Amino acid sequence: MKRLRKETVEEKDPNAPKLSTYKVHIASYNNFPTAAGLASSASGFAALVASLAQLYALTVSPSTLSVIARQGSGSACRSLFGGFVAWQMGSDPAGTDSLAVEIAPQSHWPQMHALICVVSDDKKGTSSTSGMQRTVETSALLQHRIKHVVPERMAGISKAILEKDFDTFAKITMADSNQFHAVALDTEPPIFYMNDVSRAIIALIVEYNRLSIAAGQGYKAAYTYDAGPNAVIYALEANIKEIVQLIVSYFPQRPHEFKDVLGLFGNGADLNAQAKVPEGFNEAVAKRFEVGAVKGLIHTRVGDGPRKLADEESLLAENGLPKTLV
């Protein structure tokens, strides 16, 4: 980042402050579980790179910044954009063309929502980086996935996003999640990211979709799991409330734990009182769990990417120290 500042700003403008020679004091905080398979490292490194780009007044593209961000966390490259983003593998052995590109802006499909089921906020036993290194070294299935499966699915899901085709989006999303975890199991020794709660959520979504498809309404939800037990359920805005009600029917929440920031149920509503199973749903597909099996629910939607906040929201005080220490 300092090199970009020097080459693109300071060498072109002799009067520009020589910020590239300064040391930088950084404060970074997550407001959701860290190292639990919820892309905390991606958000952290994307925020770091975006903040430095603001500080250094860089005019380079988000794709250029994404090459830097992914050196801290691969997934961070996609977080430099808003909307729908793809990480292109590239062909340069040095990785210079392995970067993120925007498939569609936030405004293209704002009806796309997500429900994150926090199954565990504990640090994973196997980190994403070390797990992938073992998989690359030992999994024959991974090589087939890289060469034959991923390119076709990337093209397919990009097309589905552009056409707002939720059926295709859902099928590819779930199939790819399943195969990712199959590759984890194909690793030596095998990696088990999901647990019984994770698998129960899959069973609920599969049955939910079966009911919807039988009624001629197509897919209504898509589950996906990263390197951890926590589920992300994609759905269109019209169906997300029903999905929350279904999840809470099997995984009751602690009182006032759910932050209803998008106003699904109204202020102060008791989430557990909203529990409801769709008519015709086969309730035997999963057992009902106790409070705490899913530690929290986060309802969100397609975002607009990194943005500069007002000075009063800075994590650092005027003396350069984190406000939590002042």
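**Cores, sheet and salt bridges**

Modeller: Let's start with a pair: E10 and R5 are both buried. Keep in mind that this is a predicted model.

Biologist: Thanks! How do the side chains of E10 and R5 meet?

Modeller: They meet in a salt bridge, 3.0 Å from N to O. Side chains of opposite charge can pair when their charged atoms come close.

Biologist: How many salt bridges does the structure hold?

Modeller: Ten. One of them joins R153 and D176, whose closest N and O atoms are 3.0 Å apart. R153 sits in helix α5 and D176 in helix α6, so this pair ties together parts that are 23 residues apart in sequence.

Biologist: Which residues are linked with R153 and D176 in a network?

Modeller: R145 is: together with R153 and D176, R145 belongs to a network of salt bridges. As for accessibility, R153 is partly exposed, with a relative accessible area of 21%, and D176 is partly exposed too, at 23%.

Biologist: Let's change topic. How many residues are in the largest nonpolar core?

Modeller: There are 51. Those with the most contacts inside the core are L115, C117, I201, I233, I247, F251 and L297. Several elements supply at least two residues each, namely β3 (112-118), α5 (140-162), α6 (166-185), α7 (196-214), β4 (222-225), β5 (231-236) and α8 (237-250).

Biologist: And where does the largest share of this core come from?

Modeller: From α7, which gives eight residues.

Biologist: You listed F251. What is F251 in contact with, leaving aside neighbours within four places in sequence?

Modeller: F251 is in contact with V197, A200, I201, L204, F289, A293 and V294. There is also a second, separate core of 20 residues, and among them are Y56, L58, L65 and F81.

Biologist: Nice. Now the sheet: in what order do the four strands come?

Modeller: The order is β4-β5-β3-β6, in an open sheet with antiparallel pairing. β4 and β6 (296-301) are the edge strands, each pairing on one side only. On average, neighbouring strands here are turned by 25° against each other, ignoring direction.

Biologist: How many bridges join β4 to β5?

Modeller: Four, and the two strands run antiparallel.

Biologist: One last stop, S98. Where does S98 lie?

Modeller: In the loop between β1 (84-87) and β2 (100-104).

Biologist: Why does S98 count as buried?

Modeller: Because its relative accessibility is 9%, and buried means under 20%.

Biologist: Which backbone oxygen does the side chain of S98 reach at 3.4 Å?

Modeller: That of Q88. A polar atom of the S98 side chain also lies 3.3 Å from the backbone oxygen of M89. Not counting residues up to four places away in sequence, S98 touches V67, R70, W87, Q88, M89 and G90.

Technical notes
Residues numbered from 1 in each chain as written. Predicted model: local features only at pLDDT ≥ 70, side-chain atom pairs only at ≥ 80, totals over all residues. Heavy atoms only, no water. Core = buried A, V, L, I, M, F, W, Y, C linked by side-chain atoms within 4.5 Å. Buried < 20%, exposed > 50% of the residue type's maximum accessible area, 1.4 Å probe, protein only. Contact = heavy atoms within 4.5 Å. Pairing = 2+ DSSP bridges. Axes fitted to C-alpha atoms, helices over the stretch in contact; angles between N-to-C directions. Polar contact = N/O pair within 3.5 Å; in protein donor to acceptor, adjacent residues only side chain to side chain. Salt bridge = Lys/Arg side-chain N within 4 Å of Asp/Glu carboxyl O.
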